[in-house]
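I opened the file to look up the ligand site, the sheet and the aromatic pairs. My entries follow.

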Amino acid sequence: MQPLTDRHGRVATDLRVSLTDRCNLRCTYCMPAEGLDWMPNDDALTDDEVVRLIRIGVEQLGITAVRFTGGEPLLRKGLVDIVRRTKQLEPTPEASLTTNALGLGRVAAALSDAGLDRVNVSLDTVRREDFARITLRDRFDDVVTGLEAARAAGLAPVKVNAVLLRGINDDQAPELLQWCLDRGYQLRFIEQMPLDPQHGWTRSMMVTADEILASLRTAFDLTDASKPRGSQPAEEFLVNGGPFTVGVIASVTRPFCGDCDRVRLTADGQIRNCLFAREESDLRTALRAGADDDEIARRWIAAMAVKLPGHGIDDPTFLQPTRPMSAIGG
Ligand code: SAM
């Protein structure tokens, strides 16, 4: 076993696996209404290739947690099987899913049976009209159904991730929190990052963690949940003294790169050592050229060693990565 260590002493143990770049929503900050130029089918890893890379990560490189994402991972036909095969690996990794929950109502039980541990559901508003306005699809009820199915299937704790957008839902933080508290879901707000294909992100338009917390404090008493944050990106707060909590992931205003333990595998088999990396390491070509597990592991280790100390959003020379969030795996 050789850990995925970088030159700054960080060790990657948390693998984000994108299973597709496609999505069935069109969240305006993430994807244009007409969609994007989807990855050609031949470029995408097959189920066997995905599982092989996860196996190498788990067996040889110290990966202990695997999160499936996309695009929308529920659109991947082989998802349940990929989860099952991941959970059969030794040592068994934790497996979770980041999803918009469309269709989760139908597969939550099967995913749980396959060994999935948890889900994070993305939901930016609990107002039906605003949901349709943000996602360009009138599917709020399906998300509610998906969330309920996740809870019923024991995929706990069910977490909800929300992005606030200025002038659209930035006044809805307390309402979102109350909605989640009423249903036992754990809410986390994520600062919007410069990863949109339209390159429309500006720092002044982004709703900051401080603004989110100030808005929540108009309705709730928040106290620091005072667990060491470690590599967990969310700062957690007890709501009205607890036991329920709310989290804020301040990737932009309070970056946590020094504690980052993540590595990403795109749906076309590229290793990215950072969400904001401008370079990738192509494992798919090596894999299809017949590289053995040790060779793949060596390439993966080399890709991680050069991880930069920080994402550099505040650096004047910052350049947004070529791939948008949906093609990297959020
Ligand atoms: N389709 C799945 C979902 O909806 O959770 C997984 C992929 S989606 C890209 C993952 C998360 O990234 C969602 O919660 C979405 O809100 C978030 N996201 C997309 N673009 C973002 C951005 N520029 N900054 C912060 N979060 C973003």
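Predicted model: local features only at pLDDT ≥ 70, side-chain atom pairs only at ≥ 80, totals over all residues.

Residues are numbered from 1 along each chain as its sequence is written, and side-chain values use heavy atoms, without hydrogens and water.

A polar backbone atom of Met193 is 2.8 Å from a nitrogen atom of the ligand. The protein buries 94% of the 540 Å² that the ligand exposes when taken alone (Shrake-Rupley method, 1.4 Å probe; for residues, only the protein chains shown count as cover). Thr99 has a backbone N or O atom 3.4 Å from a ligand oxygen.

I counted a residue as near if one of its heavy atoms lies within 4 Å. There are 16 residues around the ligand, and Tyr29, Gly71, Glu72, Ser122 and Met193 come nearest.

Sheet. I took strands as DSSP runs of E of at least two residues and helices as runs of H or I of at least four, numbered from the N terminus; two strands pair if DSSP finds at least two bridges between them. I read an open, mixed sheet of 12 strands, in the order β9-β10-β11-β8-β7-β6-β5-β4-β3-β12-β13-β14. Its edge strands, β9 (222-224) and β14 (281-282), each pair on one side only. I also checked β12 (262-265) and β13 (270-272), which are antiparallel over 2 bridges. Arg264 stands opposite Arg272 in β13.

Aromatic pairs. I counted rings of Phe, Tyr and Trp (its six-membered ring) as paired with centres within 6.5 Å; planes under 30 degrees apart are stacked, over 60 edge-to-face, and the rest tilted. The structure holds 4 such pairs. Phe140 and Trp179 form a tilted one, 6.3 Å centre to centre with 50 degrees between the planes. Phe140 sits in α5 (140-152) and Trp179 in α6 (173-183), 39 residues apart. Phe276 and Phe318 are edge-to-face at 5.9 Å and 65 degrees. Phe276 lies in the loop between β13 and β14 and Phe318 in the loop between α9 (293-305) and α10 (325-328), so this pair ties together parts 42 residues apart in sequence.

Methods: Polar contact = N/O pair within 3.5 Å; in protein donor to acceptor, adjacent residues only side chain to side chain.
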